[in-house]
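Dear colleague,

I am handing over the structure below for your attention.

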Amino acid sequence: MKVLLLKDPKDSGPDPYIKELGLYNLQATLIPVLSFEFLSLESLFEKLSHPECYGGLIFTSPRALEAIKICLKENSKKEAWSKSLQQMWNMKPTYVVGKATASLVEEIGLTPQGEKCGNAEKLAEYICSRETPNSSALLFPCGALKREVLPTVLREKGVPLEGLTVYQTTPHPDLQQALSTHFSQQGIPASVVFFSPSGVKFCLQHIQKLSGDMINHIKFAAIGPTTAEALEAAGLPVSCTAETPTPQDLAAAIHRALQGHGCSSPT
C-alpha cells in the first residue's frame with residue numbers, strides 16, 4: 001500500500017520515515033511542500049551577541065536553528081560564537097520541541113532540554129515549571145506563522161518572552177506539479193501524511209482536486225496535534241496522529257489506521 005509523505009527529504013542518507021513505514025510493507029514517497037525565506041539575520045545575531053540580556057533560548061522549529069547556522073557561516077560571527085557566546089549561552093537553558101530541533105541545537109554547541117515534550121503546549125508547561133516570573137526574557141527565534149499557544153501560556157504565567165521572526169514559509173515552487181505527477185503515475189494513496197499546518201494550507205486544495213470522489217478512501221494522518229487541528233479545521237477527518245513526532249510512532253499510527261486494509265506487521 002502506498003503512503004504519501006508531504007515533507008522535505010532528509011539532508012543526507014535514507015529518510016527514516018520511509019524506512020519505518022517499509023517495516024510495515026508500506027511504500028512511501030516524499031514530496032517537498034515548503035520553501036523558507038530567512039529574515040532579520042543581522043538582528044538575530046545582534047541579540048545572540050548579548051546573552052547577558054536574556055534568561056535563555058526557545059526553539060520550536062528546526063528552521064530557527066538553520067537561521068543561526070546561516071549567521072555562523074560568516075567567519076567573524078563563527079569566531080565570536082566559539083570564543084565566548086556559545087559558552088555564555090550554555091550557562092542558560094535552551095528549550096526545544098522534538099528531537100530534530102534538539103539535534104540541531106547540539107550541532108551549534110548548545111545543550112537542549114525539553115525535547116520529550118513533543119509539542120508547544122507541553123513545552124510551555126515545562127518552561128513555566130522551571131522559570132520564575134519576571135526574570136530575564138527568553139529569546140524565541142521563530143517563523144512568521146508561529147502559533148500563539150506558547151507565548152500565551154508564558155505570558156499568563158508571567159514568564160517574559162522576546163520573539164523574533166527569522167523565517168517565513170512559502171509553498172515549494174514545484175509542489176503543484178509534483179502532486180499532479182504523483183497522482184497520475186501512482187494513483188490514489190492509501191494514506192496522506194501532513195507534517196505542518198502550512199502543509200495543510202498549501203496542499204489540501206490540490207489533493208482534493210486530484211482525488212475527486214476517491215478522497216473518502218484516503219486515511220489522513222498528522223505528525224502531531226497542531227497539524228491534526230489544522231486538518232480538522234479544513235473539514236477533513238484525521239484517521240491518526242503520531243503519539244510523538246517520530247518516524248516510529250508515525251509509522252505505527254498509520255499501520256493501525258490501515259490495518260483493516262490488509263497491512264502486515266513489522267518485520
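This is a predicted model: local features need pLDDT of at least 70, side-chain atom pairs count only at pLDDT 80 or more; totals for chains, interfaces and linings use all residues.

**Salt bridges**

Lys 47 and Glu 162 form a salt bridge, with their closest N and O atoms 2.7 Å apart; the term denotes a side-chain nitrogen of Lys or Arg within 4 Å of a carboxyl oxygen of Asp or Glu. Lys 47 belongs to helix α2 and Glu 162 to strand β8, so this pair ties together parts that are 115 residues apart in sequence. Helices (H or I, at least four residues) and strands (E, at least two) are DSSP runs, numbered from the N terminus. Glu 162 is partly exposed, at a relative accessible area of 27%.

Residues are numbered from 1 along each chain as its sequence is written, and side-chain values use heavy atoms, with hydrogens and water left out.

By the rule stated above, the count comes to six salt bridges. Another of them joins Glu 42 to Lys 77, where the closest N and O atoms are 2.8 Å apart. This pair links distant parts of the chain, as Glu 42 is in helix α2 and Lys 77 in helix α4, 35 residues apart. Glu 42 is exposed, with a relative accessible area of 54%, whereas Lys 77 is buried, with a relative accessible area of 9%. Together with Glu 74, these two residues, Glu 42 and Lys 77, are linked in a network of salt bridges.

A further salt bridge brings together the side chains of Arg 63 and Glu 66 (3.0 Å, N to O). Both residues lie in helix α3, three residues apart, which is about one turn of the helix. An α-helix has 3.6 residues a turn, so residues three or four places apart point the same way. Glu 66 counts as partly exposed, at 29% relative accessibility.

**Nonpolar cores**

A nonpolar core is a set of buried Ala, Val, Leu, Ile, Met, Phe, Trp, Tyr and Cys residues joined through side-chain atoms within 4.5 Å. The largest such core has 25 residues, of which Leu 44, Leu 48, Phe 59, Ile 68 and Trp 89 touch the most other members. At least two residues of this core come from each of α2 (41–48), β4 (56–59), α3 (62–71), α4 (75–89), α5 (99–107) and β8 (161–171). The greatest contribution is that of α3, with five residues. Leaving aside residues up to four places away in sequence, Ile 68 touches Leu 44, Leu 48, Phe 59 and Ile 108. A second, separate core of 23 residues includes Leu 4, Leu 34, Phe 183 and Ile 218.

**Helix α4**

Helix α4 bends by about 55 degrees at Ser 82, the bend being the angle between axes fitted to the seven residues ending there and the seven starting there. Its buried residues are Lys 77, Trp 81, Leu 85 and Trp 89. Among the elements that cover these buried residues of α4 are α2, β4, α3 and β7 (138–143), where contact means heavy atoms within 4.5 Å.

**The five-stranded sheet**

An open sheet of five strands has the order β2-β1-β9-β10-β11, with parallel pairing; two strands pair if DSSP finds at least two bridges between them. The edge strands, β2 (27–30) and β11, each pair on one side only.

Strands β9 (residues 191–194) and β10 (residues 219–222) pair in the parallel sense over four bridges, and Phe 194 stands opposite Ala 222 in β10. Ala 222 also stands opposite Thr 241 in β11. Strand β11 (residues 240–241) runs parallel to β10 and is joined to that strand by two bridges.

Two right-handed β-α-β units are found here: one consists of β9, helix α9 (residues 197–211) and β10, and the other of β10, helix α10 (residues 225–233) and β11. A crossover is right-handed if, with the strands pointing away from the viewer, the path from the first strand over the helix to the second runs clockwise.

Yours sincerely

Methods: Buried means under 20% relative accessible area, exposed over 50%, partly exposed in between (1.4 Å probe, protein chains only).
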